[in-house]
Amino acid sequence: MKYIPLIHQKMMIDHLLITMQAAMFAGMGLGKTGAVLEAFIQLKAAGKTTGMLVVAPLRVSVITWFDEVAKWDRTKSLRIVSLRTKEGMQAFREGSADIYTINYESLPRVCAQLFKGCRKLPFDTIVLDELDNCKNPKSVRVRELRKHIHKIPRRWGMTGTPVSNNYLDLFAQIRVLDDGKRFGKFFGRWRDTYFINTTPFAPYPTFELSPLAEGKLEDKVSDMAIVLSSEKYLKIPPVRVVDIPVALPPHAKKIYMALEKVLIAKLEGTKEAVAVNAAVLVTKLLQVTSGAIYATDEDDPNERTVEQIHGNKIKALKGLAKTHKGESLLVFCQYVHERDRILKAFPEAELFKNDTVARWNAGKIKMLVSHPKPVGHGLNIQFGGHIAVWFSLGYSRALYDQANARLARFGQTHETIIYRLACAGLIDDAVIGNLERKDKKSRDFLNTITNIKRLRKTR
């Protein structure tokens, strides 16, 4: 297939060609991978790059990039290998490939093999696909990569969710691209400069961007960043979010309230659910609204069982399946016991695996069940359905957006419907509110960068 870039893809390509350390904050479905490949092949033809290392989420590194290279006439002659394989490592040693891929989880192991003792790398360009995977400055994988990334002059990072939680996420992502040129090299010093501790006496402090710092972070990265939104450049059918209220039966409400009040709820006999801190408590509350909970035995704390509490979310899911009879549903869940209960209640349901993508897109799977993370990046599954159901929600706005964008993306021909099964007035509503607040922060950040760049052009 001939690659003919759209206007927004030309903007990405032009930005990459002239920016050694570039951040592409571009929405899902805008064709970032294709733009990167086109920029790479132009630089390679001009003798300005020798090869490219792509770091990406697992399935993106072993499926999406290979599919994209094979898709276009200009790139299918490129040799792409995975450094997870013996063939890939042999190609690295020989310098015989054009593109090398690796997943983030393998970085600590692979970095030691790639960089230590290697006199000349077979690549001088690195692409950090889904750059927000580098947002934790304490991450082992990021620290290991930073030991060696100075050897790679051209660095491109791309994500649609650079501040999915808050502005603190930005530091490590930018530092891995520019070695601390814009924000400095030390997270604590940067945080204390631009943020205020709003809960100074709490065991877990909360930092908010200082009013005096508004616009300054965006200004510092505006030279390296390009911002593109899916809504502006893609003709995608609308997305409709529908919250389905689910009531807790009296006995489940009793357990919920006991957990919320005293952190321990008696279930059966010697079994109990224990919330040792606020984070675990939230998880336990979400499990109660979901319908089951992991419980430990007083006599053997290491033994964990699943205690069924109620089936009201299963009933709600059955109602949606009946309403949309004949259509395919993509169901997201957070816990293994949810997955198992759904698969038991729906014999036609299948667990997401790499080999299910083609059958899903062909309309041969009526219910596909997955945690949002395995499908949340880079997969094109918009051809198999247009209905997603969140059996339960997590706190990651990035995963939420990415998972929904598997259906609401370029090529979708129907309105995308996002159902959220939620127990009103309880923890489910709190999570929904948190996700919406995070979305506003992300949009504010991206809009500010866009405005800064526009104002500079008018001076």
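Which side chains meet in a salt bridge at 3.7 Å, N to O? The side chains of Arg 420 and Glu 436 do, where a salt bridge is a side-chain nitrogen of Lys or Arg within 4 Å of a carboxyl oxygen of Asp or Glu.

## Basis of the model

This is a predicted model, in which local features need pLDDT of at least 70 and side-chain atom pairs count only at pLDDT 80 or more, while totals for chains, interfaces and linings use all residues. Residues are numbered from 1 along each chain as its sequence is written, and side-chain values use heavy atoms, with hydrogens and water left out.

## Salt bridges

The structure holds 16 salt bridges. The pair of Arg 420 and Glu 436 links distant parts of the chain, with Arg 420 in strand β19 and Glu 436 in helix α18, 16 residues apart; helices (H or I, at least four residues) and strands (E, at least two) are DSSP runs numbered from the N terminus. Arg 420 counts as buried at 6% relative accessibility, whereas Glu 436, at 44%, counts as partly exposed; buried means under 20% relative accessible area, exposed over 50%, and partly exposed in between, with a 1.4 Å probe and protein chains only.

Arg 240 forms a salt bridge with Glu 415, their closest N and O atoms being 3.2 Å apart. This pair also links distant parts of the chain, since Arg 240 belongs to strand β10 and Glu 415 to the loop between α17 and β19, 175 residues apart. Arg 240 is partly exposed, with a relative accessible area of 37%, and Glu 415 is partly exposed at 29%. In the salt bridge between Arg 359 and Glu 350, the closest N and O atoms are 2.6 Å apart; Arg 359 is partly exposed, with a relative accessible area of 32%, and Glu 350 counts as partly exposed at 24%.

## The largest pocket

The largest pocket holds about 1,300 Å³ of space and is lined by 45 residues, of which Gly 27, Leu 228, Ser 229, Ser 230 and Glu 231 lie nearest its centre. On a 1 Å grid over the protein atoms alone, a pocket is an open set of points where a 1.4 Å probe fits, with protein on both sides within 12 Å along at least five of seven lines, and lining residues have an atom within 4 Å of a point.

Among the elements that each supply at least two lining residues are β10 (239-245), β19 (416-422) and α18 (427-457), and α18 gives the most, with eleven residues. The lining divides into 22 nonpolar, eleven polar and twelve charged residues.

## Helix α2

Helix α2 (residues 32-45) has 14 residues and reaches 20 Å from its first C-alpha to its last, close to the 20 Å expected at 1.5 Å a residue, the expected span being 1.5 Å times one less than the number of residues. Eleven of its 14 residues are buried, so α2 is largely enclosed by the rest of the structure; among them are Lys 32, Glu 38 and Phe 40. Just after α2, Gly 47 takes a positive phi of about 75 degrees.

## Aromatic contacts

The structure holds 13 aromatic pairs, counted where the ring centres of Phe, Tyr and Trp (its six-membered ring) lie within 6.5 Å, with planes under 30 degrees apart taken as stacked, over 60 as edge-to-face and the rest as tilted. The rings of Phe 183 and Trp 190 have their centres 5.3 Å apart and their planes at 35 degrees, so this pair is tilted.

Terms used. Grid points are joined across faces, edges and corners, and a volume is the space filled by probe spheres set on the points. Ala, Val, Leu, Ile, Met, Phe, Trp, Tyr, Cys and Pro count as nonpolar, Asp, Glu, Lys and Arg as charged, and the others, Gly among them, as polar.
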